[in-house]
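I opened this notebook to record what I looked up, pocket by pocket and strand by strand. The structure under study is shown here.

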Amino acid sequence: MSSTELFPTSPKDVLAKLYLGKSIRDVPTPAAVINVAAVKRNCERMLQTCDKLGLSWRAHVKTHKTVEITQLQVGQDANRPVNLIVSTLAEAEFLLPMLKEYRTQGRKVNVLYGLPIPRNAVSRLAAVAQALGDGSVSVLLDDPTQLSVISGFHGLSGVVPHAHIKIDMGGRRAGVEAQSDRFLQLVDAALEAHAQGKIILSGLYSHAGQSYAGDSRVAAIKMMRAEMTALLEGADRIKSRASEKSVANLTPLVLSAGASPTSLAVQNLITTAEEGHEDVPDELRAEVRSLSGLFTTVTGKGHVVEIHAGVYPVLDLQQLAAHSINTSRLSWGDIAISILAEVHSNYPGRGAHGSDEALIGSGGLALARETCKAYDGMAMLTPWGRPGVALPTCDVEDFRGWVVGRFSQEHGILTWRSGNAKAGFTQPDQELPKVGEKIRLWPNHACITSSHHGWYFVVDEDKSGKEDEIIDIWIKARGW
């Protein structure tokens, strides 16, 4: 049974009647707000990068879980494949009507289920494949016994699933190391299943989650290079093993790499040329050349370079703190998601060094519990609706302003941050929001923050004078 029956989505028609044309100042809080202008910029930059560099592209939908942002991620080019990653089966089922429409338009569609395949996912994933046809579904493998799990997929769907081997980049979350004996055990099992027509062994997949700890463009590019190097080592071992076993019908292997910091970092291959030689440090220029050369090596060996990412359409404070690309493409104004909250109480003098604090009705369930390495807190207060407060121009580490410094389930406490911790405490120079005021917050991690919201109120900063007007409601997939 599809999760769309068990986890019905929020009623878009009812929400539209209630809120379209109104201001976000008039909606109940806490609420998730999306600035569509920023989403469009972020998605278009990624598509342009892949087109200019000749890279394949796969969009992760787990952050937003919407039809509308997925459409922006894959673009309108009828010749571009609609390659997606879902973190839940519910996402695939929710997007299925859109994907069927893409198929009728002649676009190739492939949905990769982003967890190593479990037995209880097979029947629901097979239903998706049956609806979309050949080549439409891919699975991840990181254990040889998973081949027996997937062996009945064709019988349920009439479709032979594509399979990617998941490579562990050191995060120890999922995957096998490309240089390990376990990798070869998995490859042997996968090649046997491939030869028997049970799967199509089509590539390798990595996710360098540790790239979130990076702090520069150089660090992000190095991590992408490490991902692609590991995938290339794995691909070479697969081809060698296939030759030994006389498995001759392998298609070009897809080497799919990326987390948002490393995928965003690929844009440096374009922007460094635009910045001018004198503005680009030698180390950065050398890393750009090295990654570009590695991509050439991969394609020269007959493999396909594929980039994937998920947070990049909406961004968040974690992405700002990774500093993976130039601030012209990754800045405060590019964060498309914010959480609308209301101030419930003021507490004069209660905070550190006698500073003020305030209570807001957005706590752990509205903002999540993910930290950001740049500061201690759960979210930062945006300038929206506050006279005299401008968009920051500093690095996120140096942010000076109100933050959600403490929180519980439904409570958030606004506290003052003086800037970089090394500078010491200085008294607030921004007025504390008053009781009853609405505020907007930049979250630390958009994926987790958005997961508790059933829909987004969509606004468009490019609509001069109507930046706060709700122009659409985007509902989300729910469940697993």
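**Entry 1: second largest pocket.** I began with the lining of the second largest pocket, to which helix H3 (36-53), strand S2 (56-60), S4, S6 and S9 each supply at least two residues. I note that the model is predicted: local features need pLDDT of at least 70, side-chain atom pairs count only at pLDDT 80 or more, and totals for chains, interfaces and linings use all residues. Residues are numbered from 1 along each chain as its sequence is written, and side-chain values use heavy atoms, with hydrogens and water left out. Helices (H or I, at least four residues) and strands (E, at least two) are DSSP runs, numbered from the N terminus.

I then looked up the volume of the second largest pocket, which is about 560 Å³. Its lining has 27 residues, and Arg-58, Pro-81, Asn-83, Asn-110 and Glu-306 are the closest to its centre. A pocket is an open set of points on a 1 Å grid over the protein atoms alone, where a 1.4 Å probe fits, with protein on both sides within 12 Å along at least five of seven lines; lining residues have an atom within 4 Å of a point. Grid points are joined across faces, edges and corners, and a volume is the space filled by probe spheres set on the points. By class, I recorded nine nonpolar, 10 polar and eight charged residues in this lining. Ala, Val, Leu, Ile, Met, Phe, Trp, Tyr, Cys and Pro count as nonpolar, Asp, Glu, Lys and Arg as charged, and the others, Gly among them, as polar.

**Entry 2: largest pocket.** For the largest pocket I noted a volume of about 1,200 Å³. It is lined by 49 residues, and Lys-62, Ser-87, Arg-173, Cys-447 and Ile-448 lie nearest its centre. Two or more lining residues come from each of S4, strand S9 (304-309), helix H14 (317-322) and helix H16 (446-450). S4 gives the largest share, three residues. The lining has 18 nonpolar, 21 polar and 10 charged residues.

**Entry 3: strand S5.** I next followed S4 (residues 109-116) to S5, to which it is joined by three bridges, the two strands running parallel. Strands pair if DSSP finds at least two bridges between them. Val-111 has Val-137 as its bridge partner in S5. On its other pairing, S5 is joined to the parallel strand S6 (residues 162-167) by four bridges, and Leu-140 stands opposite His-164 in S6.

Is S5 mostly covered or uncovered? I found that five of the five residues in S5 (137-141) are buried, that is, under 20% relative accessible area, whereas exposed is over 50% and partly exposed lies in between (1.4 Å probe, protein chains only). Side chains alternate between the two faces of the sheet in a regular strand. In S5, Val-137, Val-139 and Leu-141 are buried on one side, and Ser-138 and Leu-140 on the other.

**Entry 4: two partly exposed residues.** I located Ser-216 in the loop between strand S7 (200-206) and helix H10 (217-244). Ser-216 counts as partly exposed because its relative accessibility is 24%. Asp-188 lies in helix H9 (residues 181-195) and is partly exposed, with a relative accessible area of 21%.

**Entry 5: annotated span.** From UniProt I took the feature "domain: D-serine dehydratase-like" (unreviewed entry) at residues 336-460. I computed this span as 7% helix and 34% strand, with its end C-alpha atoms 10 Å apart.

Key: UniProt positions are given in the numbering used here, feature names are shortened, and annotations may be inferred rather than shown by experiment.
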